[in-house]
Each structure stands twice: as structure tokens, then as C-alpha cells.
Amino acid sequence: MKLTEKRSSMLHGILLIGLFSCAAFYIGSAKVFVDLSFSPMIIGIILGMLYANSLRNHLPETWVPGIQFCSKKLLRLGIILYGFRLTFQDVLNVGTAGIAIDAVVVTVTILGGIMIGKLLKMDREIALLTSIGSGICGAAAVLGAESTIRTKPYKTAVAVATVVIFGTISMFLYPIAYRSGLLELTPKEMGIYAGSTLHEVAHAVGAGNAMGEAIANDAIIVKMIRVMLLVPVLLILGYWVALKARNTKGATTEKGKVAVPWFAVGFLAVIGFNSFNLLPAEAVDVINYIDTFLLTMAMVALGAETSIDKFKKAGANPFVLALILDIWLIGGGWVLAKYVAPALIN
């Protein structure tokens, strides 16, 4: 096939994913999905999976490279641009309590999830992705980790499904438990609790707004600090993957270097740039909108590679792991917010 024909076929695949992403944005604008805090990214992966289990076999094979381009190249660009949602000033505003509790939650969730995954005899990559998604920022963290370890798309889809399900359940439980007085937390403590334990940024926004503006502000800032922790986690993960590749029989040094997630460094650099407020707010809003669209395209592409048979292959253990991690986030996070946060705030 000529180069121009290859590019044309690749463009067809990209346009297909772009159309699905437009549909995800349109569906996501419906009031019911807005109220549920379902982002276009989540709707996108669902649309992609519906396509994978219906019309996928009718797709020309020459279009597949375009889909893979969306799930890999556009994904990395989306993660980098995600940094425009953050500033280092956010870290200073929330104080020591939020930073310390975030660090504990992320560390325990990821390491604990990996250990529990071994006990459940799970696929190691699914366990890792599920743990990182639960510990940091849901689907975006899963996508970042997937881009680092370069696993099969269906494993990513399984991990995303787990964090979406349990994160959504928690998003509804937190406001109910808080308003009933069951949690016995002050507004400041509740903001730290919600931000440090809810899976998605959208979940923190949804639950926070349901409990009041003061709680919402703290919850979002604490949540965004967790997002920042994606950088060191990906760098450590990239180093581990590179080291493992070099130690594998027959692996080349170059293979080990490829695993290093340089897009994570770009993500951190964008946060630094955004901290200087050099761009007007309107420009940042446009960039964030474009970024959401790029990440939605990546999610659709991943979903398009995920069939029901692959979900069956993964089994029930990923959801068992996600449930255990959610119980830890709810219970352990409450202990940290109730007893550790006040000491650090004072």
C-alpha cells in the first residue's frame, strides 16, 4: 500500500473515533449525565465497547492504525495537556494535611492493591491498573499507567470499569453519610476526606457540590493534588518497567528506555507553566476542553478494542479487588480525615 493510501486509511480510523467522541460529548450534555457527573470520557469508553461488540468486525483492517494512534499518541498528548487543570498554588492552598493524607492514600492503595491482586491470583497488569486508578484519579490515571506499561486495551477497559462503578457509588454515598451526621466530620475534614478518597475528579466535584461550596473547594484541591502524584508514580512505574525489560532474557537496553514515560515529565512541566498564569482563563478553558476531547478519543479507541469475551477472560477478581480498595478508601480515609487531619491542620 502506498504511503498516501496508508495515511488516508489511518485518517479514516481517526475520524471514526472522532465521530464517536462527538457523540459522547453530546450524550454527556444531557441533564441526567451531568447530574451523575458522568464525563464524556466515561461515556466514550462505553460507546467504544458497544461498537466493539456489534459493528467492529465490519471495520476495514486498514483503519485499525488510526484507532491505535488515538489510544496511544493522542492519549499521551491528552495526559500532558491535563496539567493545565493544575497549579502549584493549589498545593500551598490546601496545606500539609491534604498533602500528607493524599500521599498515604495513594501509597497504601497502590501497594495494597498489588498485594491483594497477588493473593487473588489476578493478572498483574489489571491489578496494577485498578490499584493506580483507585489510588490516584480514576480513568485518567489508568490511561497514564496504560501508556507506560503498554498493556492490552481490554485490560485498561476492565480497570476503568471498576473505578467508574465504585467511584460513582461512593459519590452518592458521601453526601448522604455526611448530611446524616454519620461521618462526624467538620466541613474542612469532609473536604479532605472526599478529595483524598473519591476516584475521579468528576466524583469529587459531584459529591463536593452536593455538600456545599466550602467542602467542594477543599475536595477539589485535595483531589487535584492526588492527580499531581500521578507524575512520581508514573516515573517509578516507568523505571520499574525499563528495569524489568533490561533484565528479561533477550531484551535490549533500548527496549528498557522506551518504557520511561516522558509524557509524565511533560505533564509536570505544563503544571509549572500554568502556575505562572501566563495564559488568560479563557485560553486555559479552551485547552481543557480540547484536552477532554483528546482523552475521550483515547477512551473510545480503548473501548473499541474491548469485547465481552475479554471481560469474561478477566473474570470477577478485578471487581473484587476494586471493592476491597473502595472499602479501604471509605474506612481508612475516614480515619485519616477524622484523626490525622485535625492534628496536621492545627
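Colleague: How many disulfides does a search of the whole structure find?

Modeller: The model is a predicted one, and the search across the whole structure returns zero disulfides. A disulfide would require a pair of cysteine sulfur atoms within 2.5 Å. As for individual cysteines, Cys70 counts as buried because its relative accessibility is 0%. Cys137, with a relative accessible area of 1%, is buried as well.

Colleague: What does the secondary structure of the protein come to?

Modeller: The protein has 17 helices and zero strands. Of its 346 residues, 54% count as buried. The accessible surface comes to about 15,800 Å², and carbon and sulfur atoms account for 69% of that area.

Colleague: Among contacts between residues at least 6 apart in sequence, what percentage join residues at least 24 apart?

Modeller: The figure for this protein is 83%. Leaving aside residues up to four places away in sequence, Ser134 touches Thr109, Val163, His199, Arg226, Leu325 and Leu329. Its C-alpha is 9.2 Å from that of Val164, a residue 30 places away in sequence.

Colleague: Is Ser134 buried or exposed?

Modeller: Ser134 is buried, because its relative accessible area is 0%, and the cut-off for burial is under 20%.

Colleague: How should one read the length of a helix, and what span should α11 have?

Modeller: The general idea is to multiply 1.5 Å by one less than the number of residues. Helix α11 runs over residues 213-228, so its 16 residues should span 22 Å; the end C-alpha atoms are 23 Å apart, which agrees.

Colleague: How many of the 16 residues of α11 are buried?

Modeller: Twelve are buried, so α11 is largely enclosed by the rest of the structure. The buried residues of α11 include Ile215, Ala216, Asp218, Ala219 and Ile221. The run from Val222 through Lys223, Met224, Ile225, Arg226 and Val227 to Met228 is also buried.

Colleague: Which residues of α14 are buried?

Modeller: They are Phe263, Ala264, Gly266, Phe267, Val270, Ile271, Gly272, Asn274 and Ser275. Just after this helix, Asn277 takes a positive phi of about 55°.

Colleague: Where is Phe276 found, and is it buried or exposed?

Modeller: Phe276 is found in the loop between α14 (262-275) and α15 (281-304). It counts as exposed because its relative accessibility is 63%, and the cut-off for that class is over 50%. Phe276 also belongs to a nonpolar patch on the surface, together with Phe273, Leu278 and Leu279. The four residues have about 410 Å² of accessible area together.

Colleague: How many salt bridges does the count come to?

Modeller: The count comes to four, where the criterion is a side-chain nitrogen of Lys or Arg within 4 Å of a carboxyl oxygen of Asp or Glu. One of them pairs Asp291 with Arg85, the closest N and O atoms being 3.0 Å apart. Asp291 lies in helix α15 and Arg85 in the loop between α4 (64-81) and α5 (88-119), so the pair ties together parts that are 206 residues apart in sequence. Asp291 is buried, with a relative accessible area of 0%, whereas Arg85 counts as partly exposed at 27% relative accessibility.

Colleague: Which residues do salt bridges that share partners join into one network?

Modeller: The side chains of Lys155 and Asp123 meet in a salt bridge at 3.0 Å, N to O. Lys155 lies in helix α8 (residues 153-179) and Asp123 in the loop between α5 and α6, so this pair ties together parts that are 32 residues apart in sequence. Lys155 is buried, with a relative accessible area of 9%, while Asp123 counts as partly exposed at 31% relative accessibility. The side chains of Glu125 and Lys155 also meet in a salt bridge, at 2.9 Å, N to O. This pair links distant parts of the chain, with Glu125 in helix α6 and Lys155 in helix α8, 30 residues apart. Glu125 counts as partly exposed at 27% relative accessibility. Through shared partners, the salt bridges join Asp123, Glu125 and Lys155 into one network.

Notes:
Residues are numbered from 1 along each chain as its sequence is written. This is a predicted model: local features need pLDDT of at least 70, side-chain atom pairs count only at pLDDT 80 or more; totals for chains, interfaces and linings use all residues. Side-chain values use heavy atoms; hydrogens and water are left out. Patches are made of residues with over 30% relative accessible area and no salt bridge: like charges are joined within 9 Å, nonpolar side chains (Val, Leu, Ile, Met, Phe, Trp, Tyr) within 5 Å. Accessible areas come from the Shrake-Rupley method with a 1.4 Å probe; for residues, only the protein chains shown count as cover. Helices (H or I, at least four residues) and strands (E, at least two) are DSSP runs, numbered from the N terminus. Buried means under 20% relative accessible area, exposed over 50%, partly exposed in between (1.4 Å probe, protein chains only). Contact means heavy atoms within 4.5 Å.
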